[in-house]
Amino acid sequence: MNKELALHIATEFQDQYHATPLLSFAPGRINIIGEHTDYNDGFVFPAAIDKGVIAAMNRTDNDLCTVTALNLDESHQFKLHQLSPIPNGGWKNYVIGVVAEIQKFGKELSHFNLMIHGDIPQGSGMSSSAALENSIVFGLNSLFDLKLTKEEMILISQKAEHNYAGVQCGIMDQYASMFGQKDAALLLDCRTLEASSIPIDLKDHTLLLVNSNVSHSLADSAYNRRRAICERVSKLLSIRNLRDANEEQVLGLIDSITSEELSMALYVVQENQRVQKAVELLQENNLNELGQLLYQTHKGLKDQYQVSCEELDFLVDFTKDRSSVLGARMMGGGFGGCTLNLIHQDDVEAFEQEISKAYKLAFLKECAFYKVTPSKGARIIAN
Ligand code: GAF
């Protein structure tokens, strides 16, 4: 968590509302492997990171809530009742979504002031949205003594995203952001919400994110469409979810679904198997094969699930002849954002220089880099 950020938001809050706020922090996440498996009730392997969103808040006697997004220098005021999604409301929908879903859950709120600030670049695929939702629900839970459990809070965050931001997301991001642990990733079963904490010790290697700085405006509808395809295939197979399917069953549908649907469903089944394999490899310290799995996942996301883009493919392909990089893949929902690279720490600097140059030549834009370490999940940092 960025201490300067915390100090900055506390000072701004004090200036604007003449009160000392409660501060809650929720991190973004990386995902080692298991992409688009969460809404198929499958397995994922994410970790919280040390970047995220800080929410500063206090109770007020005003008859309105006021929320300010410091990064954007934008504010919004709302009453607690009859909250509906705002057309093209962007960040505001995540805020009012969480507030509305807390109340739908049967918990009572009174008016409050809220200020939010974060250090996750938007559209980078590190889940700034889950960090935003979780920081708010976690903070309000404490401010109003709502007695929500962490499991209840992540479901509230997820519902806010479904019903107010319009993204039919799975539970991975909210879970990782809430339950993240230092130096460990979480092997999460998205059906039961049971997780095992797997220590991450990469020896001489490190996880480096390369941000393509691309964010696709149609990503949300493309995401929802894929989820709907997975549900349709499951229905045809008379199973609850693709988690329950094997490749043979999916291939049996060859005459009743399109080739696009077939390859997407196969991707999900195969990715689910890769997650289990990746955890074993990590535990055996077999980073070489783990890296190969990352490349396989990228290929699946690109060719079968069709959620990559030219820039992400370029960034992954660039690593392929470099012995210091054991594996790379696009990370998150897709259509932009970051690649995740498993790279030898001695080569990070040279790699960054060379890939930035090549990327700029190819796309006339900059890429950015973040070294990430698995960190602790949501918490109160001042009250
Ligand atoms: C986004 C979603 F929010 C997650 O639930 C998950 O589906 C991910 O894309 C893809 O694995 O981050």
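**Close-up 1. Strands β10 and β11 pair in this predicted model.** The two strands run antiparallel. Five bridges join β10 to β11. A328 stands opposite N341, a residue of β11.

**Close-up 2. β10 and β11 belong to an open sheet of four strands.** The strand order is β10-β11-β9-β12. The pairing is antiparallel. β10 (residues 325–330) and β12 (residues 368–371) stand at the edges. Each edge strand has a single partner, so one side of each is left without a neighbour in the sheet. Neighbouring strands are turned against each other by 20 degrees on average, direction ignored.

**Close-up 3. Helix α11 lies across strands of the sheet.** α11 covers residues 348–363, which makes 16 residues. From its first C-alpha to its last, α11 reaches 22 Å. That is close to the 22 Å expected at 1.5 Å a residue. After the helix comes L364. The phi of L364 is positive, near 55 degrees.

**Close-up 4. α11 has buried residues and, on the other side, exposed ones.** Which residues of α11 are buried? They are F351, I355 and Y359. Seen down the helix axis, these buried residues fall within an arc of 50 degrees, so they line one face of α11. An α-helix has 3.6 residues a turn, so residues three or four places apart point the same way. On the other side of α11, the exposed residues are E349, A350, Q353, K357, K360 and L361.

**Close-up 5. Strand β1 is largely enclosed by the rest of the structure.** β1 spans residues 22–31. How many of its residues are buried? The count is 10 of the 10, so the strand is largely enclosed.

**Close-up 6. β1 pairs with β3 and with β13.** β3 covers residues 46–59. Nine bridges link β1 and β3 in the antiparallel sense. In this pairing, N31 has P46 of β3 as its bridge partner. β13 covers residues 379–382. Three bridges join β1 to β13, and these strands also run antiparallel. Here the bridge partner of S24 is I380 in β13.

Note on methods: Residues are numbered from 1 along each chain as its sequence is written. This is a predicted model: local features need pLDDT of at least 70, side-chain atom pairs count only at pLDDT 80 or more; totals for chains, interfaces and linings use all residues. The expected span of a helix is 1.5 Å times one less than its number of residues. A residue is buried if 20 or more other C-beta atoms lie within 10 Å of its own, exposed if 12 or fewer, and partly exposed in between; C-beta atoms are placed from the backbone. The arc is that of the directions from the helix axis to the C-beta atoms. Two strands pair if DSSP finds at least two bridges between them. Axes are lines fitted to C-alpha atoms, for helices over the stretch in contact, and angles run from 0 to 180 degrees between N-to-C directions. Two residues are in contact if their C-beta atoms, placed from the backbone, lie within 7 Å.
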